Amino acid sequence: MSVAVIGAGAFGTALAVVLAAKGPVTLWGRDIGWRGENPRLPGIPLPDSLRVTDVIEDCTAETVLLALPAQVLGGFLAEQAPLFDGRNLVSCAKGIDLATLTGPSTLIAAACPRATVAVLTGPSFAGDIARGLPTALTLACADTTAAEALQRRLSTGALRLYRSTDVTGAELGGALKNVIAIAAGAAIGAGYGDSARASVVTRGFAEMTRLAVALGARPETLTGLSGLGDLVLTCTSEQSRNFRFGLALGAGRDFAAGTTVEGAATARAVAALAPRLGVELPVSQLVAGLAEGRVAMEHALDILLNRPLKEE
Ligand SMILES: NC(=O)C1=CN([C@@H]2O[C@H](COP(=O)(O)OP(=O)(O)OC[C@H]3O[C@@H](n4cnc5c(N)ncnc54)[C@H](O)[C@@H]3O)[C@@H](O)[C@H]2O)C=CC1
Ligand SMILES: O=C(CO)COP(=O)(O)O
């Protein structure tokens with residue numbers, strides 16, 4: 001099964017590098033001026049067998065991994081969808097599109113109605129995958145036969161894919177954990193301590209599950225790699241850009257502009273969805289307020305602590 005990866009960022013490049021050891025892979029990026037190694041994935045030499053291109057028509061593979069940030073996927077599909085319809089399209093983005101308040105798999109299915117849509121998600125830093133460190137991910141697809149073929153092609157000796165048919169749940173697990181990671185980072189950055197972080201992560205996980213179930217997910221999916229697994233990783237590691245963004249927010253420091261921080265836009269999407277679905281999401285709504293500058297960090301703690309006392 002030939003593979004194309006769209007998006008030569010850290011994640012797309014890492015996936016392309018390890019998958020190229022198993023068969024033909026084409027990596028497409030709009031900014032491939034670099035040679036030898038991608039500055040977004042430093043220290044990882046690209047194998048000679050990997051074809052890197054900025055010509056979208058070179059991506060003729062039957063399976064296409066879409067590894068663009070969630071907020072740019074809609075614009076990309078608006079231009080390029082006809083080229084990709086009818087193929088296996090695997091979303092690798094972790095976010096909710098602000099313009100439509102839907103996940104990447106919904107965007108892809110709407111733009112490419114004849115495609116087989118899947119989601120690849122779960123706890124994995126691009127650098128870990130590229131270095132061949134052991135990693136387990138979820139491959140979610142409603143079509144089990146297609147999922148089995150994708151699972152075989154996209155697994156390697158170190159990268160182990162588990163199948164799921166719950167596309168909504170898997171996708172939301174990956175998107176929503178980024179929002180909670182910002183909150184966890186802010187708690188640490190503000191000096192509130194590890195106990196506060198544990199509360200934010202636990203209450204945040206309850207929020208993730210509430211919202212995902214309201215959108216049609218199976219609750220048990222959220223306890224898997226793409227929900228709890230990725231939440232644990234992202235809320236505890238400074239490798240995470242969402243966590244580091246939260247650290248900076250909490251400490252009142254600037255954060256490097258241009259860094260991909262999916263949780264900021266996704267928090268705003270979640271805040272817009274919450275009243276429509278009638279679900280309470282205090283941590284995510286607070287992150288949206290912080291990300292938009294509506295809420296100052298010094299008021300954030302009071303907002304959470306002054307909520308009415310309730311059952312867990
Ligand atoms: N980096 C990681 O460890 C992981 C990232 N992801 C997810 O993968 C997705 C991509 O993230 P990264 O690769 O880390 O981001 P990145 O910041 O490393 O790269 C983003 C890439 O998107 C490209 N891009 C931006 N706008 C574009 C447009 N309009 N058209 C074409 N290309 C455009 C940029 O040129 C850049 O190559 C995100 O949803 C992220 O949550 C998932 C798992 C791990
Ligand atoms: O999704 C990730 C790990 O699973 C990467 O996290 P960040 O986008 O926060 O760096």
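## Ground rules

Since the model is predicted, local features need pLDDT of at least 70 and side-chain atom pairs count only at pLDDT 80 or more, while totals for chains, interfaces and linings use all residues. Residues are numbered from 1 along each chain as its sequence is written, and chains are lettered from A and ligands numbered from 1 in the order in which they are written.

The protein chain splits into domain 1 (3–165) and domain 2 (171–306), with bounds that come from an automatic or database domain assignment. Taken over C-alpha atoms, the centres of the two domains are 25 Å apart. Domain 1 puts 22 residues into the contact and domain 2 puts in 23 residues; here, two residues are in contact if their C-beta atoms, placed from the backbone, lie within 7 Å.

On the domain 1 side, the elements giving two or more residues are H2, H3, strand E6 (116–121), strand E7 (135–141) and strand E8 (159–164). Helices (H or I, at least four residues) and strands (E, at least two) are DSSP runs, numbered from the N terminus. E7 gives the most to this side, with 3 residues. By class, the domain 1 side has 12 nonpolar, 9 polar and 1 charged residues. For that tally, Ala, Val, Leu, Ile, Met, Phe, Trp, Tyr, Cys and Pro count as nonpolar, Asp, Glu, Lys and Arg as charged, and the others, Gly among them, as polar.

## Helix H1, tucked away

In H1, 10 of the 10 residues are buried, so the helix is largely enclosed by the rest of the structure. A residue is buried if 20 or more other C-beta atoms lie within 10 Å of its own, exposed if 12 or fewer, and partly exposed in between, with C-beta atoms placed from the backbone. Among the buried residues of H1 are Phe11, Thr13 and Leu15. The cover over them includes E1, strand E2 (25–28), strand E4 (63–66), helix H4 (126–130), helix H5 (144–154) and E8.

## Glycines at an annotated site

UniProt, in an unreviewed entry, places a "binding site" at Gly7, Ala8, Gly9, Ala10, Phe11, Gly12, Ala126 and Arg241. UniProt positions are given in the numbering used here, feature names are shortened, and annotations may be inferred rather than shown by experiment.

Gly7 sits in the loop between strand E1 (3–6) and helix H1 (10–19), and it is buried, with 24 other C-beta atoms within 10 Å. Beyond its neighbours within four places in sequence, Gly7 contacts Gly12, Gly29, Leu66, Ala67 and Leu68. Gly12 belongs to H1 and is buried, with 24 other C-beta atoms within 10 Å. Leaving out residues up to four places away in sequence, Gly12 touches Val5, Ile6, Gly7, Leu27, Leu65 and Ala67.

## H2 alongside H3

The axes of helix H2 (residues 70–84) and helix H3 (residues 104–111) come within 10 Å and cross at roughly 10°. That makes H2 roughly parallel to H3. Axes are lines fitted to C-alpha atoms, for helices over the stretch in contact, and angles run from 0 to 180 degrees between N-to-C directions; under 35 degrees counts as roughly parallel, over 145 as roughly antiparallel, 65 to 115 as roughly perpendicular and the rest as oblique.

From H2, Ala70, Leu73, Gly74, Leu77 and Ala81 meet Pro104, Leu107, Ile108 and Ala111 of H3. That contact has 8 nonpolar residues, 1 polar and no charged.

## Loops worth a look

The unreviewed UniProt entry also lists "binding site" positions that include Lys94, Ser240 and Arg241. Lys94 is in the loop between E5 and H3 and is buried, with 29 other C-beta atoms within 10 Å. Not counting residues up to four places away in sequence, Lys94 touches Ala70, Thr121, Gly174, Ala175, Asn178 and Glu262. Leu101 lies in the loop between strand E5 (88–91) and H3; this residue has a positive phi of about 60° although it is not a glycine, and it is partly exposed, with 15 other C-beta atoms within 10 Å.

Ser240 falls in the loop between helix H9 (225–236) and helix H10 (241–251). Val261 is in the loop between H10 and helix H11 (262–277); Val261 and Pro69 are 192 residues apart in sequence and 9.0 Å apart in space, C-alpha to C-alpha.
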